[in-house]
Amino acid sequence: MTQTQTQTQTQNQNGDGNDSNNELNLVESVRQTLHDEMGRDETVVVYGEDVGVDGGVFRTTKGLIEEYPERIFDTPLAESGIVGTAVGMGVYGKRPVVEIQFSGFIPQAFHQIKQHVSRLRSRSRGSYNCPITIRAPYGGGVHALEHHSESFEAAYSHIPGLKVVVPSNPSDAKGLLTSAIRDPDPVVFLEPKKLYRAFREDVPEGEHTVPLEEARVVSEGDDVSLVSWGAMVRESLKAVDEVEASVEVVDLRTVSPLDAETVVESVKKTGRCVVVQEAPRTLGVSSEVVSRINDEALLYLEAPVERVTAPDVPYPFPEREGAYMPDKEQIAEAVRQTADF
C-alpha cells in the first residue's frame, strides 16, 4: 500500500476524508457497499436465499437485482450448497458474497466452511485461494424465532484460515465489508441485526475501507477498559453514561484474528478491564481476550478482569430475550465493581 493510499484510508476511517453527508443505518450501509463493490468489480457475485427478487429478509440487497441482474440471484434453501458453490466460484476467479439468511443457519454449511473454504489456500500450497465473503444477520434483540438469534462467532474464530468480522456501526459496516469483499481469503461477516435499524450516522461516500485486523478505541479513559464488539459496543457506550469512572471503550471489530495489541495497550493504561460479549459465557471470544491480557499485561492489572456475557443456556424464546442478553445495567455494575476493587 502506498503512503497516499494509507493516508486516504486513515482519513476515511476518521470520517474527514470524504463528504460525509451520507446518513445511513446499518442495513443501508451494507446495501450501498454491495452496490459500490459490484459496480467496481465485475467479478463480485451476490447470491443467497431471497436476496434477489425480495431483496433479502432484512432488505439488505433490495434493488440490486435491477442493477446487476446477471450477478445477483436467489438460491434454494440449502446453506451447504450456497457456500460450497462459492468455493468453486472463488477458484475460478469470482468474488462471491453469499448471504445466509440468519447466522443460526450457518451450521448447515459448517462442513463446507471448515473443510473447504478455510483450507483451500493451505491445501493447494497457495495455488488457489478462496475470496469468499459469507454474510449473515447475527445475534439477538429483535424477538426472532428459535435458531434465529445465536451468537456463534467463537466457533468460526476457532477455524484457522477464516477471518471473523462483527461491525458495530454503519460506517464500520461499509469499511469492513469493503475490505472483506476485496480480501483474497474467506471472511465470515456477522451483522448484528439489533443494530440494523437502531440508528443512523454519517457514512463516508466513495472509497472507504477499514483494515480487518484492527480494533478501534471508541472513547478514551483512564480507569477501566471496556472491550466488546457488535451490538454490545452500543450497550457498553450506554453503560459508560451510568458510571462515574473514566472508561476506555474498545471495539474489537474483527474477533479473529484478534487485535490483542490494542486491548493490551489499553489495559496497561487503565489497569482494569471488563469484557462484554453477547454470546454464552463458556469458551467465548471474551475468554480469549482475558487470556491474552493475562499473557501480556498481567503485571499491570490492579483488579481481576471481569466478564459480562449471556448465560450458558440455549437462546430463549422471544419473551425471555431481555433476561438473556447483557444490558447496560449489568455492564455498568461490572465496571463499578472493577473500578472499586
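Below is a working chat about a predicted model.

Colleague: What should I know before reading off residues?

Modeller: Residues are numbered from 1 along each chain as its sequence is written. This is a predicted model in which local features need pLDDT of at least 70 and side-chain atom pairs count only at pLDDT 80 or more, while totals for chains, interfaces and linings use all residues.

Colleague: OK, in what order do the five strands of the open sheet run?

Modeller: The order is 9-11-10-13-14, with mixed pairing; strands are DSSP runs of E with at least two residues, helices are runs of H or I with at least four, both numbered from the N terminus, and two strands pair if DSSP finds at least two bridges between them.

Colleague: And which are the edge strands?

Modeller: Strand 9 (216-219) and strand 14 (306-310), each of which pairs on one side only.

Colleague: In what sense do strand 10 and strand 11 pair?

Modeller: Strand 10 (residues 224-228) and strand 11 (residues 247-251) are parallel, joined over five bridges, and V224 has V247 as its bridge partner in strand 11.

Colleague: Switching to helix 4, which of its residues are buried?

Modeller: Taking buried as under 20% relative accessible area with a 1.4 Å probe and protein chains only, they are E79, I82, V83, A86, V87, M89 and G90.

Colleague: What covers them?

Modeller: The cover, with contact meaning heavy atoms within 4.5 Å, includes strand 2 (44-48), strand 4 (95-99) and helix 5 (110-117).

Colleague: What comes after helix 4?

Modeller: Helix 4 is followed by G93, which has a positive phi near 100°.

Definitions and conventions: Heavy atoms only, no water. Buried < 20%, exposed > 50% of the residue type's maximum accessible area, 1.4 Å probe, protein only.
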